Structure formats: structure tokens, C-alpha cells
Amino acid sequence: MNRRPGAVRLAARLLARDWRSGELLVLTAALVTAVTALTAVGFLTDRVGQAVAERAAESLAADLRLRAGDRLPESHLELAASHGLETARLTSMPSVVFAGETSALSALTAASDGYPLRGNLEVATRLGELGVVTDALPAPGEAWAAPGLLARLGVDSGAEVEIGEARFTLTRVLTLRPDEGFNFVDLAPTLLINDADLAATGLIRPGSRVTWRQLFAGDRADVSRFKAELEPLLDPAERLRDIEDASPQVQAAMDRSGRFLNLASLVSVLLAAIAVAMSARRYALRHRDRVALMKCLGAQQVFVRRVNRVQVLLLALVGGVVGIVLGYFAQLALAWLVRDFIGQSLPPPGIAPVWLGLVTAACILGGFALPDLARMGRTPPLRVLRADVEPPRLRHGLAYLAAIAALVALLTWLVRDIGLAAAVFAGAAVTFALLGVAGWVMVRATRHFRGAGGAGWRFGLANLSRRGAESVAQVVAFGLGIMVLLVLSLVRNDLMDSWQASLPEDAPNRFMINVQQYEVEPIRALLDSRGVTVPPFVPMVRARLTAINDQAIGAMTFEHPEGERWARREANLTWSDRPQDSNTVLEGEFWSPGTTTNEVSVEQEFASELGVGIGDTLAFDIAGEPLQATITSIREVAWDSFQPNFFMVLTPAALAGYPGTWINSVHLPPGAEDATLEVMRQFPSVSVIDLDAILAQVRSVMDRAAFAVQAVFAFTLLAGLAVLWAAVQSTRDARAFESAMLRTLGASRRRVLAGVASEFFAIGLLAGVLATAGATLAGYLLATRVYDLEYRFNLALTLAGPILGMLFVGIAGLLATRRVIGTPPIRVLRAA
Amino acid sequence: MKTPDSHDTAALSAERLVKRVDGPGGTLTILDDVSFNVAPGETVSIVGASGAGKSTLLGLLAGLDVPSDGRVVLETHDLGALDEDGRAAVRADHVGFVFQSFHLVPSLTALENVMLPLELAGRDDARQRALETLDAVGLGQRSGHYPRQLSGGEKQRVAIARAFVIEPRVLFADEPTGNLDQATGEHIIELLFELNRDHAATLVLVTHDLELARRCDRVLHMAAGRIEREERHERDTAA
């Protein structure tokens, strides 16, 4: 006996020959499309994600920030060092700065070397000049002041100032601090000094209101390991923030785009998997004879199986690598195309998408091609004598289990969220089932329309119902493809609109606080005269929570650590006789104007962390005066609205007599920035906070997210095309034979073409109708359940579905079968 | 002329072969108690009308299918005692096939089609031997062509080259001229017999063409699943 051949060698040879003869083109193209789409999206989102994270990190000046009321224990720093993290320290406190006879309140901030760990400081040499990036810090003896502080002191750089017991020279104007927040502690303008000078000021004393912030930065994995180890060591007064909670606007945008991108890449995978399954089925059908022949020529079952598996592996490897390379270049090209839009270069992508590409290729082929190829491998050798001998059906469970297992594994790996993966999978399964049933009903129904047209139409529709299961499969595949495209357009538009709406061009860019009641009208008049629209001023009263339901706070324990924090710190209250626009009442009822009782409306998260609800009473201490109010409603607040918002709103009757200040937010159009300096000059006690830098940051993050969304959209479209191509190809052989038969029987080429066109247009129409129904439902569910947006019925898309389906499938089908129909009948019949 | 004495010395032996299949109208007996021996180097043809059971018998003799009763011994191997892989191994070493519909792999060139059985047998000289055999059937110049680029006669010549390239001890031919015009069919048959003689192979030929059948040493006439009668001929050496 001869020695047995190597399965790998033969598999590779057969594969190479199949490739050369064009047999593998559709399958490979579908696979490569899937991997290209997925890895291009992977590379791109990885880069955009990194850029977004970098921007978010800039708003913390670090990857992780620990805030404490006291100096940090050395052990935390040692832990950070053991993880290879960079560290820097910020110490800040409110402090009065003197320039000669003038004084102003500043947020004195002492920074140690390395600050900021993420992002950059920007400084100017004189007031009014444009800031430039610097990586330096004030030298000992020097201080950098924010423009607002210089305006209030009436000086410019070069001046001498006194802070506590030390003197400093103002050498630069600090135009931008990346971590400049707009929380109420940081209200005063910054004066930045070197950490080495802090002790000399003599301001660090027992009882002084000092905040220590320790900054950490490093490799993403190191930071998250460090965070996990640090968290259990923290004391309740210490608060850790990472880039995920850096700012609610950035977080909301990242969260939405992250979900969308995950969803879209899942859809690309699903579509490509369908295309691969269809191509694999065709390949398996066409190659049963070869398997029978190989067995007839002496190949053993186990050998045939091994050859099949090696072929699948080789295909996965080749398709994976080609897809990854193409994905990388596609991503480069896209990034280059939108370079102006992005504004700055993206960081290089990580290696993760490469593994993603290879695993995806293996999963798609393993799950969606292997079952058909496995069945093909069981073709009995007797088929060489009797063409009607079919391979035994595989137990269905096995084939489907493989596909489902592969899909679930991929889904879970992609979204890294078992709940979401389960939801998407269940949704996809239900969609398939619904589309299948609806497709079957519709295909059956076409029988009744046969009489409505000419011979071509009759022939086309007859084909549609004769191919029963195949037609249903095609309607479902096309329907799913079109549905995904429709859902994507729906969700994409809705997402963009909601982002635009949440951050309009005239979003407030200046916050004014500390306004006394008698200053409200003069400030309004001043701003009015500069053409600035001034919304109503909002009152604010500082209070301390003393008791809940007559139980003293001091004696209470809170389940939620945040609740404990809220209870012990000073709270800002406001009064109003109607809820603000950006508020929604979830429980209870907001009081009506003129209510004379003491009532309070509480923000929902605050209420749950504090453990209070409707009917509970809260007692406050306001500058020594007690006040009690009953909770009558719970509100949801859109924190990303850039409007002044409060955790607790009381009835005017409850609060009106207490001493308070007023706050407001206004939009200064470009060119009206001077108005701010004027307000600060005329009303020195009023603090004006510039939000332009923060807004620019948020806009840039949203721009990136929007760009990523567009890219994903393009790739999902490609995957949809792959399905279309595979579906058309899957019936190509049968069509070629039928058209040759018809033409042999005397049908004109035109008539055959009309028949084929009728069939494809009908399939496209059915798929389009199904897709529209599915997309409307999916769009509604996505908008209301996932993205928290208001759903709007979209008539244009509803019409677009069937028309798009009919034109798309009809034209593509005709293009794909045109050559088949053009082939001389004799060639087709002889080949059969 | 060679005559088998018993299945001990036979190249191929069929003993009381029965093939039954279950159909919608109950069990159908396609082959009913068929026995015969074929001596090494002997040429035997099986003739009969459509549905007589010729192809079923061929499938059983080649181990492509298993009988409901009886046994087949091919070159000392009792096919009934072997599983499908065992039967495949016997075919790999001893058996060549020529089919009515050629059964060339459309994605492979003529040369690659001929190489396939050698590759399945793990032969290192597959390419060289396949080229020589293609030359022998007069298609050396067409080795790079795909089946769709070849005429029917050329396809069958490639199939014959593929059958002989492994130097089979037994060659099974199922209606080898069934898809060819008369002139081409005659050329193909000449080629088949010539190569068979050169290789001293045992030939089992299924055909409905009595004239072709009579070129063999023996003709088995089948009807309704049984061998009705047997004709012996002096081997036609005129070719």
C-alpha cells in the first residue's frame, strides 16, 4: 500500500485550485468583508476610543484622581509606584490674594512636578493674548493667575502679589487648565503656584479648607489594576474619579457611541455570517460530487473530514489576515479622509482588533460554514453512480448548536457584557423567526398575483413560490440586510439630532454665581445692553441637612456611601414655583404656584442614595435658622443640559425669607466676551465661570463619536452588500440551467430576463416591506429602551424600505445573473 | 481467454448478491441472487435494459454500496467485512473508474484531475506520472485546460487517464460512451481496451450497447435484477 497523503498538503492544494477557478470567491469575499468591516471598525474605534479617553483624561489632568480632605497616606503612593504609575499632587484652597491695596478671592492651587499628567496648561505672557501650550510649571517664587483674577485685581503679569505669608511674582496668564471644573468649590479663579512654595504661605493650618488631589496616570491596564487594589483601602472621605466619570457630558456621549458601535459591529458580523453561510451552502452543494469522487478514488471518511477542517482553518487564516490588513488600510484611509474633522492626529491602534479579526474569521467559518461542509464530507461514494444520492442530514441540533455557540461566543467577546449579548442574541433570534414566518406567508401569497402580468411576470412569481424555502431564505436575508440599514439610518439620525440638541450652538458658555439680590437687575441691564439674552436668575441658599423624619443625621447610618457624603456636606437649595425645563417629575406631583406649605422636590439619584422618598420630611439648618419640608415629588434631571440644576428644590414659601445668592447661565456670542470682564469689574463679588473650554472639549468628543458612527455605517453597508451578493450567487447555477432550458424551448432573451427581473423585484419588494416593519419596531425599541430618546415616526424611511429593496435587489440580481442568461444555452446544458 | 475456477483465484467474485431498498410501495428487490467470478485480466461486460440493476451491481462490486445479502471479494478483500474506510483503502490501491458523465472535478485542470487519485494515495511523483498518462491518451497539450474547455471525448480521455494513472488491478466502466457521439465513442473504447490490455487490468464494463459488450471476454445479460444468461467470446484483438 502507498503511504497516506498529508491532509494539510492536499487541503491547501485543493483550496488553491478552487481559488484559481473562482469557486471560493464569494465565500472568501464575504469572510474578508466581515473581517475587514470588523477590524476596520475595531482599529478605528480603538483609536477614536483612545482619543476620547485621552480627552476625558485631560479633564481630570490624569487617568485617575483621588480627592481627599487630608494628606494621602504614603502607602497609596507606594502602591501606585509598584504599578509603574506616574503621580502628581495638587493642593488647593480658597485664599485671598493681595495686589497692593486690592484683594480678590482665588482658588490657590499648588502643583507638584509632572502636573498635568494628561492634557496641557496654556499660558499667555499678557492679559488678552492668546494662550500657548506649555509643559512647565511656575518656578518657585512665581505664580500664574487666571485672567479673571487679574481683571479683579486690576493688574497684569509682572505684578507682585501676596498670598498668606509669601510674596510671588505673576509671570504668566494661565489661560487654560485642562482640569478646570465648574463645581462650586472651584468657583474662584485659579492662582497656580509651585508645590515647593506651599509651606511658605503658611496657609496649611488645622481647620483650613484644603483639598488634596492626588493624580495618577499610566498604562490603561496598570491603572485599572491599581484602581481595583486602591478602592478597598479608601476611607469614606476620599473620592476616586476615573475618566469614566470625569464629566457627565463626555460620559453620556461615550456611553451612547460605545453602545452604538458595539451594536453596529455585531450587526456587521451577523450579516457577514449570513453571507458566509449562504456561500458555504452553495460551495457544499457544488462540491458533493468531488467528495463522492474522492471517496470513490479511495479517500477515507476521516481523511475527507480532516481535509475539510484544514480547508476551513486555512480559509479562516487567509480570510482573517487579508481582512485584517484591508481593515487596517481602510481605517487609515477613513482617518485620512476626515483628518480635518478630527482636528488632531489619532493615537495608533492597539493589537486587540487583530485577535478580534482572526477569532471572528474562525467563529464565522466554524459556526456558519462548517455544518454545511461537514454534511458535504459525508456524501456517500455511491453518488458517482447515482446523482440522487444525498449526504445524510446531520442532526440539526449539532449544526445549529455550532452556529449558535460561535455567535454567542463572538457576541459576548465583542460587547464584554453578557446581559447585552443575551439581549441582542434573543432579539436577533426573534427577528429571524418573525422574518422567517412573515417571509413564508408572503411568498405563499405571491401565488395569487401570478395572473396579474405577462408571461415574464408569471414565470418569475412561479419561480418564487416554487423555490419556496430558498425564496424565504432570500427574503429573510435581504430583509435583514435592508432592515439593518434602515435601523442604522434611523438610529444614526436620532443620535446625531439628540447630540446636536443637547449641545446647541447657543449653549450657555458663562456661569455667574454669587450674585446678590440687588445686583440681579443691574447685571441683567448690563448684559441686555451688550445684546446678550439673559434667562431668569435662579436663587440659591446654602444649607446643611440636620434630620430626616426627625432623626438627627449624626445618629443615622446610610446604606449608600454617597448618601453619607451628601448628608454631611453643605447643600445648595433653590426655590421655584414650577419645575425647570430640563427636569421631569417621576413620582408625586410638583406643587402649583402659590403653594404656602413647605415642600421639597428631590432628584431621583440623590433620593435613592439618601434613602428617602415621597412623604419623608427633611430638616435643614440655614445660617442657624431651622427649616423643615416634606418631599412631595421626585425628579429626573438632565445634567448635561448646561442649565443650573439642583438636587433639592423647595416651595418659594419655604425658602424665600432666607439669605441667598443668585446664579445664572448665559450664552455670550463670539465678540461679546468683553461683557464678562465688565461684569467682573462692576460687580467684584460676582464670580463668572468661562465654560467655553469645557464646551469645546465636549463638542470635540461628540464630533469624534459622530465620525466613528459614520464609519461603522459604511462598513455595515458593505456587509449588507456581501449578503446580497451571496444570496444572488446561491441561486446562480439553478438560474443558469433554467434560462438555458427556456431559451432552448424558444423563449427570447428578453422574456427570460423579464422573468428573472420579476422574481428579484418581487423578492426585493417583500424583503423591503418586511425590513420596514422590522426597522420601525426595532427603531422604536432602540430609541425608547436603549438610547433614551423620543421616538419619531419616519415616513421617508418607511417608503424608502420597499423602494430601496426592490431597486437594490432587483438591479443587483439582474446584474449578477445577466452573464448567466447571456451564456449560450448549449454551454450551460453541456456543463450540466 | 481466461476462466475463473473459483473465487480463490478470481480478481473479483460476487456471491449470491441481493440488494433490496425500501420504497413508497414497500420493499423492492433490485438485485436478486447474483453470483459470478471474474478472473484476473478478464474483461466482462454487464448488459441489460434500463432498471435491470446494472449500475446497482457495479456499485456493489466496487464497494461503493453494501449488499443486503451475499458478499463481494475484490482482489482477496472481502468487502462485506470492511467498513467504508476499509473499502475506500481497497479502491485506492486496486480500482480505477470510468463514468458515463466523466465526473471530472470542474475546478481542477485536466492535469490536476489526473493527479487527484495519486495525491490521495500520497504519491510524490503525482505530477510527472499524471503528465505521462495524459500524454498516453493524447492530451499532453491540454493539461492546463479546465473540463469546461474540453469536448466530451476529451473529458472522457482525461477520465480514462485518471483511471489508469494508479495502474489499477480492476477497472470499472459505467456506460463510458453513453454521453458521446458514435465516432468519439468508438475512439474512446479503442483507447480504453488498449490501455486495459497494456496494464493487464481486469475490466468490468456496464453498457446497454451490445456491440460494445461483445468486445469483452464475457457478457452477462441482466433483467429484473438477475443474470439471465452469459455469453463467452473470443477476445477481439483486432483493435
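In chain A, Arg732(A), Arg735(A), Ala736(A) and Ser739(A) of helix H22(A) meet Ala816(A), Thr817(A), Val820(A) and Ile821(A) of helix H24(A); two residues are in contact if their C-beta atoms, placed from the backbone, lie within 7 Å. The residues of this contact comprise four nonpolar, two polar and two charged. Here Ala, Val, Leu, Ile, Met, Phe, Trp, Tyr, Cys and Pro count as nonpolar, Asp, Glu, Lys and Arg as charged, and the others, Gly among them, as polar.

The structure is a predicted model, in which local features need pLDDT of at least 70 and side-chain atom pairs count only at pLDDT 80 or more, while totals for chains, interfaces and linings use all residues. Residues are numbered from 1 along each chain as its sequence is written, and chains are lettered from A and ligands numbered from 1 in the order in which they are written.

Helix H22 spans residues 732-744 of chain A and helix H24 residues 795-822 of chain A; their axes come within 9 Å and cross at roughly 40 degrees. Helices (H or I, at least four residues) and strands (E, at least two) are DSSP runs, numbered from the N terminus. Axes are lines fitted to C-alpha atoms, for helices over the stretch in contact, and angles run from 0 to 180 degrees between N-to-C directions. H22(A) and H24(A) are therefore oblique to each other, given that angles under 35 degrees count as roughly parallel, over 145 as roughly antiparallel, 65 to 115 as roughly perpendicular and the rest as oblique.

Chain A also contains paired strands, two strands being paired if DSSP finds at least two bridges between them. Strand S6 (residues 142-145) of chain A runs parallel to strand S8 (residues 166-176) of chain A, and four bridges join them; Trp144(A) stands opposite Arg172(A) in S8(A). With strand S9 (residues 190-194) of chain A, S6(A) pairs in the antiparallel sense over three bridges, and Ala145(A) stands opposite Leu191(A).

Where the two chains meet, 28 residues of chain A are in contact with 29 residues of chain B. On the side of chain A that touches chain B, helix H1 (7-20), helix H8 (288-296) and helix H9 (301-337) of chain A each supply at least two residues. The largest share, six residues, comes from H8(A). By class, this side of chain A has 14 nonpolar, five polar and nine charged residues.

Chain B itself has seven helices and ten strands. Six of its strands form an open sheet with mixed pairing, in the order S6-S7-S8-S3-S9-S10. Strand S6 (95-98) and strand S10 (226-232) of chain B are the edge strands, each pairing on one side only. From one strand to the next, the twist averages 20 degrees. Within chain B, strand S7 (residues 170-174) and strand S8 (residues 202-207) run parallel and are joined by five bridges; the bridge partner of Ala173(B) in S8(B) is Leu205(B).

Two helices of chain B also pack together: helix H5 (residues 152-164) and helix H6 (residues 182-199) lie at an angle of about 10 degrees, with their axes 10 Å apart. That makes H5(B) roughly parallel to H6(B). Among the residues in this contact are Ile160(B) and Phe164(B) from H5(B), and Leu191(B) and Leu195(B) from H6(B). The contact residues divide into six nonpolar, six polar and one charged.
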